[in-house]
Amino acid sequence: MIRIRTEAGLRHRIEVGDHLLHTDVPASLGGEGSGPEPHDLFDSALGACKALTLMLYARQRGLPLDSLEVRVSRDDGQERQGLYRLTVELELHGALDDAQRQQLLRIADKCPVHKLMTSTEVQVETRLGDGA
């Protein structure tokens, strides 16, 4: 379970198991910019999933992927019209040949969060809790 609680103003504490994160919005939107915005967390989930998927895949297949960097950029200019574009750039480090690099590129699009974002219908139910 994930719990989100107001700390002060628009800053919120996010508890994911034993892990703690924060979210906020920039001062231009009334926050303090003390944490990533929710859209940043959404975009980060995709980048993190691709990074973990590639490292696990490379380890299982004995590919010489030493490390990687994932950069995610967004174009949300048409979000209100139903189009949210993310561009993911992978920088792979290791003695990989071109075929291995292309193989990893294909695998990156098979990460669970990529699939969730692009090929799964997500239904969200929001309801009031029993607490005061």
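Which residues are buried in H2? Keep that in mind as you go through the close-ups below, which come from a predicted model.

**View 1. Helix H2 and its buried side.** Let's settle the opening question: Gln-100, Leu-104, Ile-107 and Ala-108 are the buried residues of H2. Look down the axis of H2 and you'll find these buried residues within an arc of 100 degrees, so they line one face of the helix. As for what lies over the buried residues of H2, the cover includes H1, strand E5 (85-93) and H3.

**View 2. Gln-100, a buried residue of H2.** Here we zoom in on Gln-100, which sits in helix H2. Its relative accessible area is 17%, and the cut-off for buried is under 20%, so Gln-100 counts as buried. Who does Gln-100 touch, once residues up to four places away in sequence are set aside? The partners are Leu-63, Pro-64 and Ala-95.

**View 3. The largest nonpolar core.** Nonpolar side chains tend to be buried together in soluble globular proteins. In this model, the largest nonpolar core has 11 residues in all. Its members are Leu-54, Tyr-57, Ala-58, Leu-63, Leu-65, Leu-68, Leu-92, Leu-96, Leu-104, Ile-107 and Ala-108. Which elements give two or more residues to this core? They are H1 and helix H2 (98-108).

**View 4. Leu-104 among its core neighbours.** We met Leu-104 as one of the buried residues of H2, and Leu-104 is also part of the largest nonpolar core. Skip the neighbours within four places in sequence, and Leu-104 is in contact with Leu-54, Tyr-57, Leu-63, Leu-65, Leu-92 and Leu-96.

**View 5. Where H1 packs against H3.** Helix H1 covers residues 38-61 and helix H3 covers residues 112-119. The two pack at an angle of about 135 degrees, with 7 Å between their axes. H1 and H3 are therefore oblique to each other. On the H1 side, the contact is made by Phe-42, Ala-45, Leu-46, Cys-49, Lys-50 and Thr-53. H3 brings Pro-112, Val-113, His-114 and Met-117 to the contact. Sort the residues of this contact by type and you get 7 nonpolar, 2 polar and 1 charged.

**View 6. Leu-52, an exposed leucine in H1.** Leu-52 is found in helix H1. Is Leu-52 buried or exposed? With a relative accessible area of 56%, Leu-52 is exposed.

**View 7. Asp-66 in the loop between H1 and E4.** Asp-66 has its place in the loop between H1 and strand E4 (67-75). Its relative accessible area is 60%, and Asp-66 is exposed. Even so, Asp-66 is in contact with Met-55, His-93 and Gly-94, leaving aside neighbours within four places in sequence.

**View 8. Gly-77 in the loop between E4 and E5.** Gly-77 is found in the loop that links E4 and E5. At 59% relative accessibility, Gly-77 counts as exposed. Gly-77 and Gln-123 are 46 residues apart in sequence, with 24 Å between their C-alpha atoms.

**View 9. Val-124 in the segment after H3.** The last stop is Val-124, which lies in the segment after H3. Its relative accessibility is 71%, so Val-124 counts as exposed. Thr-87 is 37 residues from Val-124 along the chain, and the C-alpha atoms of the pair are separated by 25 Å.

Note on methods:
Residues are numbered from 1 along each chain as its sequence is written. This is a predicted model: local features need pLDDT of at least 70, side-chain atom pairs count only at pLDDT 80 or more; totals for chains, interfaces and linings use all residues. Side-chain values use heavy atoms; hydrogens and water are left out. Axes are lines fitted to C-alpha atoms, for helices over the stretch in contact, and angles run from 0 to 180 degrees between N-to-C directions. Helices (H or I, at least four residues) and strands (E, at least two) are DSSP runs, numbered from the N terminus. Angles under 35 degrees count as roughly parallel, over 145 as roughly antiparallel, 65 to 115 as roughly perpendicular and the rest as oblique. Contact means heavy atoms within 4.5 Å. Ala, Val, Leu, Ile, Met, Phe, Trp, Tyr, Cys and Pro count as nonpolar, Asp, Glu, Lys and Arg as charged, and the others, Gly among them, as polar. A nonpolar core is a set of buried Ala, Val, Leu, Ile, Met, Phe, Trp, Tyr and Cys residues joined through side-chain atoms within 4.5 Å. Buried means under 20% relative accessible area, exposed over 50%, partly exposed in between (1.4 Å probe, protein chains only). The arc is that of the directions from the helix axis to the C-beta atoms.
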